[in-house]
Amino acid sequence: MESADGAARTLLSIGRLSRGPPFGRAHGRFGLSPSGRLLLPAPRSQENADPQRTAFLLRKQWTLYSVSPLYKFSNARLRDYARLLGAFIAAEKQKGLAVEVGVELDIKVAVSSLPDLKGSDQDQAAILVQLSSRSPASPKNSEEKLVWSGWFCCVSGDELSENVPEDFTCLPLFLANGAESYTSIVGSWFQKTFDCSFCRLAISPLNLSWMAAMWTGCKVDKTASAMELVFSVPCLPQPLDISYAIHPEDAKALWDTVQKTPGEITQEEVDVFMDCLYSHFHRHFKIHLSATKLVKVSTPIASAHCDGIIKFLQSQYLTGVLMLLTELAISQIQ
Amino acid sequence: MQRRQSSKTPKQPPQVHHKNQTDLSAWRKGGRTDPEKSVQIHQSPNCQKNDSKQDSLEQALRYFEKVQDRVSLKKSDVLQKHLTTVESIALQRGLPPEGFDVLLNVALSGKLADTVNTRLLKSLVPASVIPENSVVSSVSWLCVSKCSGNVQLLFLRWLITVFDFIDHKEQLHALYGFFFSFLQDEKMCPYVCHLLYLLTRKESVKPFRIRRLLDLQAKMGMQPHLQALLSLYKLYCPELVTITLPGKKKTYFKNSEGPWKAAINAVRRRNQESSPVSQPLFLGTAQPQSRKRKWNTQLIIPASSTNRNNLEEDREKNRVDLYSTNESLPLEQLQTFSQLLQNIHHLEFPSQMGSVLTNPLLLHYMNCIKDESVYLRLYYWMGQTLREECTWCVADNNQYEEEFKDFLETVYKTECFLQEGFSSCEEFLYKSLPLWDGCSCRSQVLRLVSWIPLSSFSEMKSHLYDPLAQLFFTSSLYFKCSVLESLKELLQNWLNCHVIHLDSESDSQVHSLNTTLSGLVNVVAELIHFVGWISTVALRLENNPTFLLYFILDFYETVCDMYLRYNLPLLIMPPAGVFYPALLSMDSVSLNQLCYIMYRYRTNLVAAKENELSKKRILQFKFSSQTYQEYNRYIIAMVGCLWTSSAFQKDIHPQGLQMDDELLKKTTAQEFKTSFNIVYHPAMMGYAVLFLQQAQPDDTTLNFSLIKGKKWDWYLKYLYAQGLKGLKVFIESSINRISQASHSKAEN
């Protein structure tokens, strides 16, 4: 995985999702899964990747959305956006009353840029939106409580950004943490202001198995927690989940026997890896996991749920995971 | 005193009232509306009871109009009765517009006791609107202060609550000064402030008023209502109001909604239920809330609104560039086509492009503007919406089928308007057709198919034809016909688009790479072959119904004319599986249609041949000799079948009718030789019978062999007169009749 600078996208999935101008042709864009992917790249270069600066993104549950390109978004106006969004939130919260822009409000909005979260030079810098509340009792007290945060990002999303005219900003992946009511207000504001649309990004079982395989192959420094796969059994009157935990070293050993070319993964390898796990399980419990649905993958790198919820655990692999998620988001948009 | 007349008109039957109910517009014109109509407007249509209520309200109003002197409530039963009538009707259905004048006059004139006045004021619940005149005249009562302070206060509170129900406000604005003068009354001051707050416009802010307000503030201290008005003044004219006001203020005004708000809402709800036109009354500017569950739901087509984001940016730019006068027209003000024309140079697209779908003016504008970002914004929005809201691709969406249908309908209409398919829609179809059951939103989906953009591109087969064919073969006859219909539209749209491109050949940019002529010919040929194939199979599956045949031949009516009408160097004959069922159809409609089609094929082929011969240079495209051969074989079969009675002998098509005489003899059919011509053809025999009956009314033997010679010509004329125009043009063009020769032929 040392080979992998995010820019070296030799494996760009076959004939995927390049969109020409409107009313032009796009070929083979019908959600085919790529036949091969790069292993998670390590962070781009050490100089601009201070793990401290993105540490706050770790160990939180993020709900995933795909976002179509933002129209007339400008990085130079983040401060204005914060002001307008603040007024919008206040207005939404007290429906119907006019709100003066720029007045001190209960919810403070900060919009900032996260330049670290990039895959290639074409990627836009990620945008972080934070809402914090001031306690009404002591307005002068500077202590503010973070109530909601969300960020837009694009890691190696060249596929999308290359095909979009200047007026558009490609930040196809949106991650939110906090009350959904805030997600809804912030999302609506972005939709209205930049003519984009938000869509929940679910992760298919196929992509979850990709994640399981990709993340198994990653080195983690410390003794890590177990890798866990959760399966749900369909067509039962009561929901039944099967949890399958594997020692990370065992999983890694299995993966090493499966993987042929270091630094690269193919669909076939993923299938073999999962089949091995399934047959092992079948030997012990006489249950065919292949007949169930993979709903959650937890590894020391990250954990992902099919509903489109993710938790990052290693800042080292943050951009790598984001790259995969960006790819999924783009394929949902196009 | 027009109002009086209404009581004299005789009662009308209930259904007439019902009719009147729909005429809500009569109310809105304000001023003098036809009292009869408006009084009846919110009646439920069904019962006599309402009629009597109607009468009693009219009586009550007449009473209050005439009442002269102070009548004691306790002593007068009449007053009591009318007061209760007004109260109960007001609470149930609200009062009609012309009731307000009477009741406000009486309540504010001080003729009656305060208890009565209060009760009257409290029952002033509007059913629809309140005429401005009545408010103006009541303000004049206020100025002469005939009524008590409490009634004055109550009136002001009422006015604040029903402010939005007043039909016009121009005259009310003219009274701004009067209201302002009431500020000095300490009790009335808070309410007057509120009212002024509602009335104030920028031009109402005057230095002397500001001074007066500041004086009042100095006298009464920091009162929230004064602050509110001052901050509004400051907002309008910051240069005139220099004091600093505390920024934060929760509520400026006391709740003055009084007893009316709940009653107004109840009346509105009730009237909407019973009224046949559930038209929102005056406050209904907000769109009805969708019952959708997700915040990011896309199905609501956004309203067009100016892009604030850009506005602000522009303003910043303008600060730098003082000469720029290029202020754009706010979209909210764009209402008419002429406005569009006048402002077309400084219009801006809405903040959310999806809103153009419901705004024809913007669609016009979109048609003139060649801006890629416009389509791209629409592309992303529409793509996402279709994907997320599709009722058969996304579980749990079933319940929203109606909404989705409406949406697809809107998209289709937009495509028709722009004469252009959306690529997001095309992609949606390709993705969702394999999952489609052929039922949900059927007509909408099939109509959208007809706008799939033209492009030579091999995915058509796997993404459109294959899934469509599967559904086609397994669905009902009607579904098959609708598919054929929409494929015909698709073909026509492609051909039209091609013709437009031909016209604008010079700017070759329009031609995308994929639509070179040969590419186009290939795509069109692919579609026609596909339709030929499914038609053949469908005719067999369904056993050649005329209904289906009609749709198939309808498709070929476009195909046979492509060369001349659309300038496309391509002609494809129908397959034998379509041609023969039409030729041997039991129905003259199909036969006639086929004749017309063959005639058009002939005309096109002849024209093509002539062009080929006349032009020296080698044409890039010419019809292969195979096409001519195929046409000729069909013509031989047709002439044999309709004219020379030699179908069994002369037909040389491999799938044709040719049969050995030996074999024919075995059928034991008599006179098999003559079984097919315009007399004996099963589709024509009915005409032959009618013809004989008319020509020889006495002869009941129906001897068909009598139709020959001169009678043959008469028979032809008879057929043409029956509307078989296709047959006519076919015979006239394809059958060489030199009068005598043909006669002898016919006699053979």
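## Reading the model

Residues are numbered from 1 along each chain as its sequence is written, while chains are lettered from A and ligands numbered from 1 in the order in which they are written. Because the model is predicted, local features need pLDDT of at least 70, side-chain atom pairs count only at pLDDT 80 or more, and totals for chains, interfaces and linings use all residues; side-chain values use heavy atoms, with hydrogens and water left out.

## How confident is the predictor?

For the complex, the predictor gives an ipTM of 0.83 and a pTM of 0.68. Within chain B, confidence is highest in helix H27 (residues 546–559), at a mean of 96, and lowest in helix H3 (residues 25–28), at 36. Helices (H or I, at least four residues) and strands (E, at least two) are DSSP runs, numbered from the N terminus.

Residues 275–292 of chain B have a pLDDT below 50, and this stretch has 35 contacts beyond near neighbours in sequence. A contact means heavy atoms within 4.5 Å. Residues 313–326 of chain B also stay under 50, with five contacts beyond four places in sequence. Where pLDDT is low, the predicted coordinates should not be read in detail.

## Chain A at a glance

Chain A holds eight helices and 15 strands. Of its 334 residues, 53% count as buried; buried means under 20% relative accessible area, exposed over 50%, and partly exposed in between (1.4 Å probe, protein chains only). Among the chain A contacts with a separation of 6 or more, 70% join residues 24 or more positions apart.

## The nonpolar cores

A nonpolar core is a set of buried Ala, Val, Leu, Ile, Met, Phe, Trp, Tyr and Cys residues joined through side-chain atoms within 4.5 Å. The largest has 143 residues, and those touching the most other members are B:Leu464, B:Leu487, B:Ile528, B:Met598, B:Tyr601 and B:Tyr715. Helix H26 (residues 517–542) of chain B gives the most to this core, with 12 residues. Apart from it lies another core, of 74 residues, including B:Val116 and B:Phe155.

What does B:Leu487 contact, leaving aside its neighbours within four places in sequence? Its partners include B:Val449, B:Leu527, B:Phe530 and B:Phe555.

## Charged pairs

Over all chains there are 17 salt bridges, each a side-chain nitrogen of Lys or Arg within 4 Å of a carboxyl oxygen of Asp or Glu. A:Arg77, A:Asp80 and A:Arg83 are linked in a network of them. The closest N and O atoms of A:Arg77 and A:Asp80 are 3.4 Å apart, and A:Arg83 meets A:Asp80 at 3.9 Å, N to O. A:Arg83 and A:Asp80 both lie in helix H2 (residues 78–93) of chain A, three residues apart, about one turn of the helix. A:Arg77 is buried at 7% relative accessibility, whereas A:Arg83 is partly exposed at 37%.

Most residues other than glycine have a negative phi. A:Lys286, however, has a positive phi of about 55°. A:Lys286 sits in the loop between helix H7 (267–285) and strand S13 (293–298) of chain A and is exposed, at 60% relative accessibility. B:Ser645 also has a positive phi, near 55°. B:Ser645 is in the loop between helix H31 (625–642) and helix H32 (647–650) of chain B and is buried, at 16%.

Methods: pLDDT is the predictor's confidence in each residue, from 0 to 100.
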